[in-house]
Amino acid sequence: AENVTIALAGNPNSGKTTMFNALTGSRQRVGNYPGVTVERKEGSVILNGLHADVVDLPGCYSLTAYSMEELVARKVLVEERPDVVVHVMDATVLERSLYLGVQLLEMGVPVVLALNMMDETKKRGLRINAAKLSKLLGVPVVETVGRTGQGKKELLQEAINHANQRKRQWLPLELSYGPDVDHALLDMTTRINAAGLFTDRQPARWTAIKYIEGDEQVVAEGRKAAPEVSKELEAMVSKLSDHCQKTLNAYPDAIIADYRYGFISALLKQGVLERDSLRERID
Ligand code: GDP
Ligand code: K
Ligand code: MG
């Protein structure tokens, strides 16, 4: 059987490379992505009978074309379609980390969350209910300490199980962004599906979100692949943008970001994240 392919994604300094090293040891190759100066680290892991190929993605905060790192990470996800993405999160800043996590889920890739830096989290008196987070998001969540390798086997096991269950099927999480954006998204998604624009490689709703976010790369590719469809989509975005500025005094991409943060903060309040009182910490 072919090895499961795992991509490690996460914010800069979340511990991706440390986890990559813990998993792959010396079975590594370092190269470059074509045409850019971003380093590509690949390796393989054999751990107690489990086999996988792993790629360490460049660090990013979003999956919109805001930086070279984000472009490269997204390109790997869309074009190479890893069987599963392990999102390595700095659990001491769970809320911020989940902003990328939510975007991975919205993209639809099979995701396993690694709550990394659990040693630091405990020192700071933060309590994270991993089981609850897993249940609420519908994805496996594993606690890890990259520096010691703690949790790495369970993480690998969960990643391989999840990959086999999902069989590379992309099932995007659909958030609401409020009535105005939702309405436009529905119209755009219908248009994208009817035209089959990029539907072989990414969810139509995700393409629509990228248009609304003003993602230059997706829009440029859309113009090239289907100029007429792209023109219609851009008109829909511009109408939405005018409407949102008039009625809400906000741009649609900012509204999308707000709703994502709202979703995350509501999630954390459901007993996922608690802070020990100072007294408990001293005891
Ligand atoms: P990357 O940018 O995501 O590749 O992050 P690195 O793997 O380079 O790690 C960033 C820093 O966090 C390094 O100093 C690591 O030693 C440290 N680090 C990684 N994992 C852990 C962990 O679980 N606990 C603690 N305390 N530090 C960690
Ligand atoms: K780093
Ligand atoms: Mg790194």
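These legends walk through close-up views of a predicted model. Local features need pLDDT of at least 70 and side-chain atom pairs pLDDT 80 or more, while totals for chains, interfaces and linings use all residues. Residues are numbered from 1 along each chain as its sequence is written, chains are lettered from A and ligands numbered from 1 in the order written, and side-chain values use heavy atoms, without hydrogens and water.

**View 1. The annotated span, residues 3-165.** An unreviewed UniProt entry lists these residues as "domain: FeoB-type G"; such annotations may be inferred rather than shown by experiment. The end C-alpha atoms of the span lie 15 Å apart, and 39% of it is helix and 28% strand (DSSP runs: helices H or I, at least four residues; strands E, at least two).

**View 2. Asn 116 in its strand.** Here we look at strand β6 (residues 111-116), where Asn 116 is found. Asn 116 counts as buried because its relative accessibility is 3%, with under 20% as the cut-off (1.4 Å probe, protein chains only). Its side chain reaches the backbone nitrogen of Gly 146 at 2.9 Å, a polar contact (N or O atoms within 3.5 Å; within protein, one must be able to donate a hydrogen and the other to accept it, and residues adjacent in sequence count only if both atoms are side-chain atoms).

**View 3. Polar contacts of ligand 1.** A backbone N or O atom of Asn 13 lies 2.7 Å from a ligand oxygen, and a polar backbone atom of Gly 146 is 2.8 Å from an oxygen atom of ligand 1. A polar side-chain atom of Asn 116 lies 3.3 Å from a ligand nitrogen.

Key:
Buried < 20%, exposed > 50% of the residue type's maximum accessible area, 1.4 Å probe, protein only.
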